[in-house]
Amino acid sequence: MPALLFGLVMVASPLHGADGGLTVMAPTVMLAPGHLVIETGVEPDSENRGIQVIAESSDFYRSSEIQLSGATAPRRNTFEFKDLPNGSYEIRATLLGSDGQARALVVRKLEVVSHVRY
């Protein structure tokens with residue numbers, strides 16, 4: 001059973017934003033205290049100006065934002081949030097345009113658990 005949990009912890013799948021310009025790789029289950037690593041992918045576009053990632057539960061909130069330099073920005077960016085306590089989280093990644101508005105949004109669910117349930 002531990003091998004199965006390890007497989008669940010490592011599962012990550014891309015999701016696409018509304019306009020297809022944003023992808024997110026992140027786990028769906030992890031052991032507490034969680035060390036969450038989120039990788040975003042962005043299609044080059046002159047309007048891209050930033051990415052904001054938020055991890056939020058009923059008792060926890062953490063966010064990070066980076067600036068993008070349009071079409072010359074890196075396609076991949078990594079965000080890390082350490083020491084996430086137990087809980088059900090919503091992970092939101094938002095691609096921001098030159099007007100400061102959201103160009104794409106990806107929402108994921110994450111469960112941080114204290115032990116393996118058999």
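Q: How many helices and strands does the protein have?
A: Helices (H or I, at least four residues) and strands (E, at least two) are DSSP runs, numbered from the N terminus. Here there is one helix and there are nine strands, in the order α-β-β-β-β-β-β-β-β-β from the N terminus.

Q: What is the mean pLDDT of the protein?
A: This is a predicted model, in which local features need pLDDT of at least 70 and side-chain atom pairs count only at pLDDT 80 or more, while totals for chains, interfaces and linings use all residues. Residues are numbered from 1 along each chain as its sequence is written, and side-chain values use heavy atoms, leaving out hydrogens and water. pLDDT is the predictor's confidence in each residue, from 0 to 100. The mean is 86, with 81% of residues at 70 or more. Over residues 1-19, pLDDT stays under 50.

Q: Is asparagine 48 buried or exposed?
A: Buried means under 20% relative accessible area, exposed over 50%, partly exposed in between (1.4 Å probe, protein chains only). Asparagine 48 has a relative accessible area of 1%, so it is buried. This residue lies in strand β5, residues 48-56. Across the protein, buried residues make up 37% of the 118 residues.

Q: Which side chain makes a polar contact with the side chain of asparagine 48?
A: A polar contact is a pair of N or O atoms within 3.5 Å; within protein, one must be able to donate a hydrogen and the other to accept it, and residues adjacent in sequence count only if both atoms are side-chain atoms. For asparagine 48, the partner is the side chain of arginine 103, at 2.6 Å.

Terms used. Contact means heavy atoms within 4.5 Å.
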